[in-house]
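Take the model in hand and follow the chains in order.

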Amino acid sequence: MLLCCILTIGARAQYAGYTLMADSGPFKTQFATMAQKNTSLRCDFVQEKNLSVLSEKITSRGKFWFRRPDNVRMEYTQPFQYLMILANNHVFIRDGQKENSVSTKSSKLFAQINQLVVDCVRGTAVNNPDFSVRVFEGGQTWLVELTPVAKNLKDLFQTVTVLLEKKDFTPARIKMLEPSGDNTVITFSNKEQNVALPDNLFVLH
Amino acid sequence: MWRCLTTCLCCTRMALTVCTIAVSAGCSSAYRHLRPTGGDVTCVQQFKPRLGSALYKTEVDVVGKHLSGLLVLKLMPDSSTRVVFTSEMGLTFFDFEFARDGAFTVHRIIEQMDKKAVIKTLRKDFGLVLLEHTAGGRVLTDGVNRYYAFPQEKGTNYYITDSSCAHLIRVEKAGRKPVVIAQMLHYQEGVPDSVHIDHQLFHFTITLKKLEQ
């Protein structure tokens with residue numbers, strides 16, 4: 001029985017085609033160096049929310065912009081219109097005709113969730129103290145597994161896994177697994193790095 | 001946002017108590033003029049959303065605070081109905097089940113919303129538009145429209161149609177006066193294209209607009 005438990009625990013977070021890095025130090029250093037060089041990112045994304053028990057999938061699409069140090073614009077275009085801008089410690093949201101601004105300082109949970117997205121893109125996710133981190137190496141991508149440490153985040157996520165392209169350390173996919181078994185997968189495509197992104201992209205007009 | 005709703009719901013209870021006292025003092029019922037009339041009380045069942053599954057863009061407004069997300073309504077193989085609300089970015093806010101036998105189960109709810117008053121309100125609101133507890137009713141009329149009245153644990157749910165029961169005009173949850181007014185509009189293949197739930201005693205509205213995937 002003990003052996004079964006050990007095998008279960010050991011197998012829990014293995015990923016097919018990936019090997020756990022015993023020492024993630026060199027990866028972190030390389031990630032941080034490459035992320036410094038990536039000053040901006042413009043790409044498309046497809047988001048799939050999988051409701052496990054209901055066997056339902058909600059698919060949405062849009063465009064994503066990132067500019068160092070921490071400006072993010074995420075614009076959903078299908079099947080609904082929804083714009084979220086993270087800038088200057090605020091989250092600006094346009095939902096249809098309604099606009100909303102939330103200080104990430106006043107809403108810690110909102111800040112933590114959004115910080116996660118920013119950290120995944122700019123290369124600081126591996127240093128986020130809200131998560132314990134393990135790194136796995138695959139053929140074309142690195143897999144970074146983030147497990148929440150804080151209780152409020154544990155309630156929301158079981159794990160967050162980020163696939164990073166080995167060639168340029170840009171995110172290929174982010175998967176957020178909830179305790180219920182539901183998950184959300186965001187897949188990035190048509191990536192353009194280090195393009196000039198104007199200030200007005202990160203301001204809600 | 002949800003703290004706001006909890007506070008409002010507590011205030012509403014106080015308001016209801018005051019109203020009850022006022023009613024005892026002579027406040028009359030908004031439904032007093034209704035008279036029994038003939039008709040088949042089951043005819044409102046045609047307005048029960050005929051779900052496979054439906055996805056709605058959803059907006060919630062509570063006393064100046066705004067929240068939006070996506071709502072999935074799905075009829076499960078065991079004939080229960082699941083109501084799942086997520087953020088646009090995919091985070092599940094709540095997952096409710098309305099069983100065929102009338103039982104209600106909270107499968108998941110985030111800590112910020114996990115308040116008895118919030119769950120009770122949402123249960124009643126969604127129960128209203130899913131036509132839960134619509135047995136043993138009676139048909140009334142105001143001379144123009146028909147009121148299909150279904151007694152609840154507290155108060156009555158009224159499904160108000162035209163005289164021929166062809167169109168659902170609105171739904172009211174009421175004691176002596178409407179507490180919640182809901183509209184279910186533009187049915188397509190048995191499912192309303194939009195739903196609007198409006199609480200009368202404080203500013204709390206839920207608006208659903210169907211999305212095609």
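Helices and strands here are DSSP runs, numbered from the N terminus: helices are H or I with at least four residues, strands are E with at least two. Strand 10 of chain A, residues 159–165, is one such run, and Leu164(A) sits in it.

This is a predicted model, in which local features need pLDDT of at least 70, side-chain atom pairs count only at pLDDT 80 or more, and totals for chains, interfaces and linings use all residues. Residues are numbered from 1 along each chain as its sequence is written, while chains are lettered from A and ligands numbered from 1 in the order in which they are written.

Confidence comes next. pLDDT is the predictor's confidence in each residue, from 0 to 100. Chain B has a mean pLDDT of 87, and 87% of its residues reach 70 or more. Residues 15–26 of chain B fall below 50, and this stretch makes three contacts beyond near neighbours in sequence. Contact means that two C-beta atoms, placed from the backbone, lie within 7 Å. Where pLDDT is low, the predicted coordinates should not be read in detail. For the complex, the predictor gives an ipTM of 0.82 and a pTM of 0.85.

Chain A holds four helices and twelve strands. Of its 205 residues, 29% are buried. A residue is buried if 20 or more other C-beta atoms lie within 10 Å of its own, exposed if 12 or fewer, and partly exposed in between, with C-beta atoms placed from the backbone.

Return to Leu164(A). Leu164(A) is buried, because 27 other C-beta atoms lie within 10 Å. Its contacts, neighbours within four places aside, include Trp142(A), Val144(A) and Phe169(A). Gln140(A) is 24 residues away along the chain, yet the two C-alpha atoms are separated by 8.6 Å.

Now the interface. In chain A, 22 residues are in contact with 22 residues of chain B. Strand 2 (40–51), strand 3 (56–67) and strand 7 (98–103) of chain A each give two or more residues to this side.

What forms the largest nonpolar core? It has 40 residues, and Leu71(B), Val72(B), Val129(B), Tyr159(B), Ala182(B) and Met184(B) touch the most other members. A nonpolar core is a set of buried Ala, Val, Leu, Ile, Met, Phe, Trp, Tyr and Cys residues joined through C-beta atoms within 7 Å. Val72(B) touches residues of both chains, among them Leu51(A), Leu54(A) and Val84(B).

Helix 2 of chain B covers residues 116–129. Its buried residues include Val118(B), Leu122(B), Phe126(B) and Val129(B). Leu131(B) follows this helix, with a positive phi near 55°.

Strand 5 (92–98) and strand 6 (104–109) of chain B pair in the antiparallel sense over five bridges. Pairing requires at least two DSSP bridges between the strands. Phe96(B) stands opposite Val106(B). The two strands form a hairpin with five residues between them, and Gly102(B) in the turn has a positive phi of about 95°.

Some backbone details remain. Most residues other than glycine have a negative phi, and most peptide bonds are trans. The bond from Arg68(A) to Pro69(A) is cis, with omega near 5°. The bond from Gln78(A) to Pro79(A) is also cis, with omega near -5°. Ser79(B) has a positive phi of about 75°. Ser79(B) is exposed, because 10 other C-beta atoms lie within 10 Å. Cys165(B) has a positive phi near 60°. Cys165(B) is buried, with 20 other C-beta atoms within 10 Å.

Notes:
Expected span 1.5 Å × (residues − 1).
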